[in-house]
Amino acid sequence: MKHITCIDDLRTLHQRRVPKAFFDYCDRGSYAEETLRANREDMQAIKFRQRVLVDVSRRDTSTMILGESSTMPLILAPVGLLGMQHGDGEIHACRAAQAAGIPFTQSTMSICSIEDIAANVEKPFWFQLYVMKDRGFIKELIQRAMAAKCSALVLTVDLQVIGQRHQDIKNGMTVPPEWSLSKLIDFATKPAWVSGVLQGKRRTFGNLAGHLKVSDDITSLSTWINSQFDTSLNWNDIEWIRSIWPGKLILKGILDVEDAELAAKTGAQALVVSNHGGRQLDGAPSSIEALPEIVDAVGSQMEIMFDGGVRAGQDVMRALALGAKSCMIGRAYAHGLGAGGQAGVAKAIDIIQKELLTTMGLCGVNRIDEIDDHIIAV
């Protein structure tokens with residue numbers, strides 16, 4: 001890892017070490033990928049004011065996230081199938097986050113179960129929830145997160161209808177893998193990945209284990225998952241979730257001011273400005289474009305988090321300057337996981353923190369709470 005200098009280096013190594021179907025699942029977006037590209041292009045269009053001869057000898061990235069101390073304004077976002085990027089991937093990512101002093105969010109669609117992670121890490125983590133039609137199962141999932149002492153529930157609200165990801169269809173992406181000659185050839189060239197995944201605790205969706213009698217059958221599992229995302233989900237359902245979940249609630253997937261204003265009335269402690277990493281509504285605005293207006297509308301009422309296109313510490317700085325209190329990264333650390341397991345995730349976090357520290361210094365900033373829109377060049 002000593003020659004890795006940036007997240008793009010981790011991405012290159014990830015692509016080399018992990019089968020194409022699983023790399024593409026992490027890397028690609030929906031439809032024509034317009035929103036996926038906009039997340040990066042709009043982010044990079046924001047320029048900084050370079051400031052000089054400012055004492056920046058006391059730079060510190062530490063902050064508070066939902067009332068808890070964090071070494072930096074960074075959160076590992078929920079990413080499905082981490083255990084298919086690296087064996088026991090969710091456990092390794094959570095350990096790396098906790099060692100770095102930042103939150104980790106487990107996805108409902110993870111390979112390791114809630115209980116697998118809780119038994120193998122030292123501190124509480126966050127749990128991300130997809131609401132499905134089977135509300136009895138959802139209630140059970142929330143209760144399992146409570147039993148595991150998860151410290152926040154992240155409710156994803158932008159997946160009632162699933163955006164088509166062309167590359168997943170072309171790759172025949174399934175969990176567990178459905179065998180074909182091309183997949184056998186691909187897997188045969190990646191023996192370290194195969195060995196790691198085979199040694200992992202699971203090779204299917206851990207949180208669904210036991211819920212379906214045929215949960216290891218690819219066709220039955222895929223059919224159930226695709227049929228379960230609930231198109232009737234609405235704002236009233238958040239009240240039902242809050243009646244079960246007693247802890248901190250975060251709404252992830254807010255991109256519109258009217259929705260942000262409704263979110264502020266739910267009693268949730270935070271929202272995440274996000275377009276699902278360009279994996280849902282293609283043609284939606286970039287997350288960074290939507291952020292300032294949402295901050296203006298509800299930033300005084302709830303904590304605003306940001307997700308979408310963060311690949312560097314400079315991107316964290318940009319989002320904070322426009323009013324976010326913290327940022328989620330998904331692809332950035334998933335690339336690290338695929339590239340080198342727990343050490344790769346730790347490297348991704350370290351890269352972003354060092355880039356943030358450097359950018360703070362060159363903008364004349366010492367503390368996270370000093371970052372505002374005055375650092376942006378106009």
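Reader: Why does Cys112 count as buried?

Author: This is a predicted model, and in it Cys112 has 1% relative accessibility. Buried means under 20%, so Cys112 counts as buried.

Reader: How do you know that the sulfur of Cys112 is too far from the closest cysteine sulfur for a bond?

Author: The closest cysteine sulfur belongs to Cys94, and it is 10 Å away. A disulfide needs two sulfur atoms within 2.5 Å, so this pair is too far apart for a bond. By that rule, the count of disulfides is zero. Cys26 is in no disulfide either: the nearest cysteine sulfur, in Cys6, is 15 Å away. Cys26 is also buried, at 7% relative accessibility.

Reader: What makes the rings of Tyr130 and Phe229 an edge-to-face pair?

Author: Good one to check with numbers! A pair of aromatic rings is described by the distance of the centres and the angle of the planes. For Tyr130 and Phe229 the centres are 5.5 Å apart, and the cut-off for pairing is 6.5 Å. The planes stand at 75 degrees, and over 60 counts as edge-to-face, so the pair of Tyr130 and Phe229 is edge-to-face.

Reader: Which parts does the pair of Tyr130 and Phe229 tie together?

Author: Tyr130 lies in the loop between S5 and H6, while Phe229 lies in the loop between helix H10 (218-228) and H11, so the pair ties together parts that are 99 residues apart in sequence. Tyr130 is buried at 11% relative accessible area, and Phe229 is buried at 9%.

Reader: What makes Phe187 and Trp193 an edge-to-face pair?

Author: The ring centres of Phe187 and Trp193 are 4.9 Å apart, with planes at 65 degrees, so the pair is edge-to-face. Phe187 is buried, with a relative accessible area of 8%, and Trp193 is buried with 8%. Ring pairs also link Phe22 with Phe187 and Trp193 into a cluster.

Reader: Which residues of helix H11 are buried, and how do you know that they are on the same side?

Author: In H11 (residues 235-244), the buried residues are Asp237, Ile238, Ile241 and Ile244. They cover an arc of only 115 degrees around the axis, which puts them on the same side of H11. The face turned away from that buried side carries exposed Asn236, Glu239 and Ser243. Among the elements covering the buried residues are helix H6 (135-147) and strand S7 (248-254).

Note on methods. Residues numbered from 1 in each chain as written. Predicted model: local features only at pLDDT ≥ 70, side-chain atom pairs only at ≥ 80, totals over all residues. Heavy atoms only, no water. Buried < 20%, exposed > 50% of the residue type's maximum accessible area, 1.4 Å probe, protein only. Helix = DSSP H or I, 4+ residues; strand = E, 2+ residues; numbered from the N terminus. Arc of directions from axis to C-beta. Contact = heavy atoms within 4.5 Å. Phe/Tyr/Trp six-rings, centres within 6.5 Å; stacked < 30°, edge-to-face > 60°.
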